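Here is a short note on the side-chain contacts in this structure. Please read it with the model open.

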Amino acid sequence: MSSTESPSAPAASVLPRVAPVRVGEGERLRTVGLPGITLSVRCRPPAREDLPRALYVHGLGGSSQNWSELMAELDGVVAGEAVDLPGFGDSPPPDDGDYSITGHARAVIRYLDASGPSPVHLFGNSLGGAVATRVAAVRPDLVRTLTLVSPALPELRIQRSAVPTGLLGVPGIATLFTRLTKGWTAEQRVRGVMGLCYGDPGRVTPEAFRYAVDELERRLQLPYFWDAMARSARGIVNAYTLGGQHGLWRQAERVLAPTLLVYGGRDQLVGYRMARKAARAFRDSRLLSLPDAGHVAMMEYPDVVARAFRELLAQTRADDGDDGDGSGDGKDSGGREAADGTRSGS
């Protein structure tokens, strides 16, 4: 559902000057202008020209930097690009103020339509997982494989630790939260986020923590930061209430692309119990279960997630010449039947 409120963020042309976004070793950052949106895209120059394309979509409050480690792991396997969704990372707000799942999906589709050959290997985490699911369902021609890390798909019983995030979508709550936490330092905020998103925050290096603090300090200077967060959170809540053909679970059932599902046993935002439901919903699915991971397995265990994707890619290539129906419900990331619908890989 699209937001019906008038955009309150200023136009990109009058935004204040802030510190530049960090670009990691081997990465490049570019800006792409599209109808109604301007997107910042992080990429690693491909090792070879014939590599297949991959596109990574981050979660709520995240940015393209969330995929840097996995992109490095898959260097030489795919030509990877990670997009900053409108209003996040280094991308300014969308012209229409639409931060719904559909609005974000529309931005991804516009980029894929304009940027080069398709289909691509599409990755999504959390909010980005819901966005990627919608893209794969409505534009199957754009997606060769789908990899979802803790996708934000509707749950009947929301975890208590996820409630504050959902409340950000309630009108006025973001403003109240901003006022109540005015005295919090960026370090305190980052520790809180990492405690919520990581299965073991101790795995975060001091350097990575410093980078995260610097990025948050930069983004807190942007006048649309909380607006983008609140409206995107509201977009998730609205998507959870949609039924019929527009419901995310119904759209998951329509996805044709071979799908790798990654769930963390210590995820405080997306219920680990949803893994089996997802494995049943996506018709050609493989499930990677990481008992010690939290909400951002691609950041905690990039090598394990990369290995599972390489297996998915190899299996997909092997199946390209098959005449079967491509169904694979309940299979693990190697294409074998899993006794309990999971594959442990921590």
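Predicted model: local features only at pLDDT ≥ 70, side-chain atom pairs only at ≥ 80, totals over all residues.

The points below cover the core, the aromatic rings and the charged pairs.

1. Core. The largest nonpolar core holds 93 residues. Tyr-56 and Phe-282 touch the most other members. Beyond its neighbours within four places in sequence, Tyr-56 contacts a list of residues that includes Trp-67, Leu-70, Glu-81 and Phe-123.

2. First ring pair. The structure has five aromatic pairs. One of them joins Tyr-56 and Trp-67: the centres are 5.2 Å apart, the planes sit at 40 degrees, and the pair is tilted. Tyr-56 belongs to strand β3, while Trp-67 is in the loop between β3 and α1, 11 residues apart. Both Tyr-56 and Trp-67 are buried.

3. Phe-123 has 1% relative accessibility, so it counts as buried. Phe-309 is at 0% and also counts as buried.

4. Ring cluster. Where do these rings lead? Ring pairs link Tyr-56, Trp-67, Phe-123 and Phe-309 into a cluster.

5. Charges over rings. Arg-22 lies over the face of Tyr-211, 3.6 Å from the ring centre. Arg-203 lies over the face of Tyr-301, at 4.3 Å from the ring centre.

6. In one of them, Glu-27 meets Arg-42, with the closest N and O atoms 2.8 Å apart. Glu-27 is in the segment before β1, and Arg-42 is in strand β2. Why does Glu-27 count as buried? Its relative accessibility is 10%, and the cut-off for buried is under 20%. Arg-42 is buried as well, at 1%. Glu-81 forms another bridge, with Arg-53, at 3.1 Å between the closest N and O atoms. This pair links strands β4 and β3, 28 residues apart. Glu-81 is buried at 12%, and Arg-53 is buried at 13%.

7. A partly exposed bridge. Arg-210 and Glu-187 form a salt bridge, with the closest N and O atoms 3.6 Å apart. Arg-210 is in helix α7 and Glu-187 in helix α6, so the bridge ties together parts 23 residues apart in sequence. Arg-210 is partly exposed at 35%, and Glu-187 is partly exposed at 24%.

8. Network. Salt bridges with shared partners join Asp-90, Glu-215, Arg-218 and Arg-219 into one network.

Notes: Residues numbered from 1 in each chain as written. Heavy atoms only, no water. Core = buried A, V, L, I, M, F, W, Y, C linked by side-chain atoms within 4.5 Å. Buried < 20%, exposed > 50% of the residue type's maximum accessible area, 1.4 Å probe, protein only. Contact = heavy atoms within 4.5 Å. Phe/Tyr/Trp six-rings, centres within 6.5 Å; stacked < 30°, edge-to-face > 60°. Helix = DSSP H or I, 4+ residues; strand = E, 2+ residues; numbered from the N terminus. Lys NZ or Arg CZ within 6 Å of the ring centre and 35° of its normal. Salt bridge = Lys/Arg side-chain N within 4 Å of Asp/Glu carboxyl O.
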